[in-house]
Amino acid sequence: MLGGKKSEAVLPRGVSGEASISIIGPGMNIIGNLSTDGTVRVEGRIEGTVRAGKAVLIGKGGEVVGDILTQDAVIGGRVHGTILAESRLEIQSTSVIDGQIRVRTGHLVVEEGAVHNGQTQMLDGSEALALPAPPRVDNSPQS
């Protein structure tokens with residue numbers, strides 16, 4: 001975090017993220033929002049919103065403090081925030097989720113031993129599934 005502002009990781013123009021996999025390795029800590037058209041694998045820690053066009057995979061040692069918006073998600077670590085999965089959500093036995101889960105009806109898999117403290121909302125095909133737009137950052141000088 002530079003100058004007290006959160007940053008957002010975005011792929012450069014002309015680079016297709018659909019087939020890309022971004023890996024946040026063990027011991028890596030990101031403060032800021034992350035956005036990709038592809039897949040994100042988290043083995044470290046992210047503080048911020050994670051938006052992935054294809055999938056979010058959180059390993060046993062991974063942690064996200066913020067919201068997740070994606071097509072498919074496999075959670076094996078910790079999440080403190082809302083998870084929105086358009087297609088499928090798998091919650092593994094090693095996971096701990098503190099927050100809301102919103103997923104399409106029939107596309108939720110929960111393994112025995114998983115912990116969820118929060119509300120689960122199953123949506124039918126007609127309901128919109130989206131996070132609110134990120135807040136605008138005011139870059140005007142402070143007086």
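Q: Which residue is the bridge partner of Thr36 in strand 6?
A: Ala52 is the bridge partner of Thr36. Keep in mind that this is a predicted model.

Q: What about Leu34, which partner does that one have in strand 6?
A: Leu34 has Val50 as its bridge partner there.

Q: Which residues does strand 3 cover, and how does it pair with strand 5?
A: Strand 3 covers residues 29-36. With strand 5, residues 45-47, the pairing is parallel and has three bridges. In that pairing, Ile31 stands opposite Glu47 of strand 5.

Q: Back to strand 6. How many bridges join it to strand 4?
A: Four, and strands 4 and 6 run parallel. Val40 is found opposite Val56 of strand 6.

Q: And strand 6 with strand 8: parallel or antiparallel?
A: Parallel, over seven bridges. Arg51 has Leu69 in strand 8 as its bridge partner.

Q: New topic. How many residues are in the largest nonpolar core?
A: It has 21 residues. Ile58, Ile68, Ile75 and Leu89 have the most contacts inside it.

Q: Which strands each supply at least two residues of this core?
A: Strand 4 (39-42), strand 6 (50-58), strand 8 (68-75), strand 10 and strand 12 (101-104) each do.

Q: Why would nonpolar side chains group like that?
A: In soluble globular proteins, nonpolar side chains tend to be buried together.

Q: What is Leu89 in contact with, leaving aside neighbours within four places in sequence?
A: Its contacts include Ala73, Ile75, Ile83 and Ile101. Val103, His107, Leu108 and Val109 are also in contact with Leu89.

Q: Now Glu90. Where does that residue sit?
A: Glu90 is in strand 10, residues 83-91.

Q: Is Glu90 buried or exposed?
A: Buried. Glu90 counts as buried because its relative accessibility is 15%, and the cut-off for buried is under 20%.

Q: Which side chain makes a polar contact with the side chain of Glu90?
A: That of Arg88, at 3.2 Å.

Q: What else does Glu90 touch, not counting residues up to four places away in sequence?
A: Glu90 touches Ala73, Val74 and Ile75, along with Val109 and Glu111.

Definitions and conventions. Residues numbered from 1 in each chain as written. Predicted model: local features only at pLDDT ≥ 70, side-chain atom pairs only at ≥ 80, totals over all residues. Heavy atoms only, no water. Buried < 20%, exposed > 50% of the residue type's maximum accessible area, 1.4 Å probe, protein only. Polar contact = N/O pair within 3.5 Å; in protein donor to acceptor, adjacent residues only side chain to side chain. Contact = heavy atoms within 4.5 Å. Core = buried A, V, L, I, M, F, W, Y, C linked by side-chain atoms within 4.5 Å. Pairing = 2+ DSSP bridges.
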